[in-house]
Amino acid sequence: FSEIPGSSVGLLEVIPAGSSPFVKSFDGAQWTTVNGDQQGFLSLSENNMQVYGNANSANGVALPFSDPLVQWTYPMELGTNSSDEFGAEIMLFGLPYSLMGESSFEVDAWGSLVMPDGVEIPEVLRGVYTQYYTETYDGDTANWYLNQVIYFAPDSLLPLFYHEILDVTDLEGNTILDV
């Protein structure tokens, strides 16, 4: 990845879910991921990683999924795959909000990985994660397309490295966001 221009650093912190003032909205969450104002609520088990929703501490909004998202399954090996549907329907600032989507995950390769800082990890699994959802609020609709390539070490429940592409379009297919 040293030849790819640009970089981004995410300062993701993982804390016990009970540390967040939003935890009551996310029944079953064990962990909270914190990245700036954004918080995600999840559980990790020997079978899967489930996402229960997210919250934003700046505006005080909690978005619990009525159908949690199974992001990937364990144990992982070459060929492991899963798919899931997820969603949320809540009232947000007095207006109906809807988010409905689907995801898929497949472990498609294995090998070694040299991190951007030069550290080599001899055994990794590479997974391809895709997520699509439609978000509707206050007369606007957006379609979110996320594609991630994720790398896991044998002893990690969370990825040690990933790269992603995020595209957001309106109903007419016009690009709203392309990262």
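Helices (H or I, at least four residues) and strands (E, at least two) are taken as DSSP runs and numbered from the N terminus. The model is predicted; local features need pLDDT of at least 70, side-chain atom pairs count only at pLDDT 80 or more, and totals for chains, interfaces and linings use all residues. Residues are numbered from 1 along each chain as its sequence is written, and side-chain values use heavy atoms, with hydrogens and water left out.

The protein chain has 11 strands and 0 helices. Along the sequence it reads β-β-β-β-β-β-β-β-β-β-β. Its radius of gyration is 17 Å, close to the 16 Å from the globule rule for 179 residues, so the chain is as compact as a globular protein of that length. The radius is taken over C-alpha atoms, and the rule is 2.2 Å times the number of residues to the power 0.38. The C-alpha trace spans about 50 × 40 × 30 Å along its principal axes.

Of the 179 residues, 41% count as buried. Contacts are heavy atoms within 4.5 Å. Among contacts between residues at least 6 apart in sequence, 37% join residues at least 24 apart.

The protein chain exposes about 10,600 Å², and carbon and sulfur atoms supply 53% of this area. Accessible areas come from the Shrake-Rupley method with a 1.4 Å probe; for residues, only the protein chains shown count as cover. Leu12, Val14 and Trp31 form a nonpolar surface patch, with about 260 Å² of accessible area together. Patches are made of residues with over 30% relative accessible area and no salt bridge; nonpolar side chains (Val, Leu, Ile, Met, Phe, Trp, Tyr) are joined within 5 Å, like charges within 9 Å. A salt bridge is a side-chain nitrogen of Lys or Arg within 4 Å of a carboxyl oxygen of Asp or Glu. Trp31 lies in strand S2 (residues 31-35). This residue is partly exposed, at 32% relative accessible area.

The structure holds 11 aromatic pairs. One of them is stacked: the rings of Phe26 and Phe41 have centres 4.0 Å apart and planes at 5°. Phe26 lies in the loop between strand S1 (13-16) and S2, and Phe41 in strand S3 (residues 38-44), so the pair ties together parts 15 residues apart in sequence. Phe26 is buried at 2% relative accessibility, and Phe41 is buried at 0%. The rings of Trp72 and Tyr129 have centres 6.5 Å apart and planes at 85°, so this pair is edge-to-face. Trp72 sits in strand S5 and Tyr129 in strand S8, so the pair links parts 57 residues apart in sequence. Trp72 is buried at 3%, and Tyr129 at 0%. Rings of Phe, Tyr and Trp (its six-membered ring) pair if their centres lie within 6.5 Å; planes under 30 degrees apart count as stacked, over 60 as edge-to-face and the rest as tilted. Phe65, Phe86, Tyr133 and Trp144 form one aromatic cluster.

Backbone geometry was examined in the loops. The peptide bond from Tyr74 to Pro75 is cis, with omega near -10°. Pro75 lies in the loop between strand S5 (61-73) and strand S6 (81-92). Phe93 is not a glycine, yet has a positive phi of about 55°. Phe93 belongs to the loop between S6 and strand S7 (95-114). Its relative accessibility is 63%, which counts as exposed. Asp138, also not a glycine, has a positive phi of about 50°. Asp138 occupies the loop between strand S8 (120-137) and strand S9 (140-152). Asp138 is exposed, at 54% relative accessible area.

Note on methods: Buried means under 20% relative accessible area, exposed over 50%, partly exposed in between (1.4 Å probe, protein chains only).
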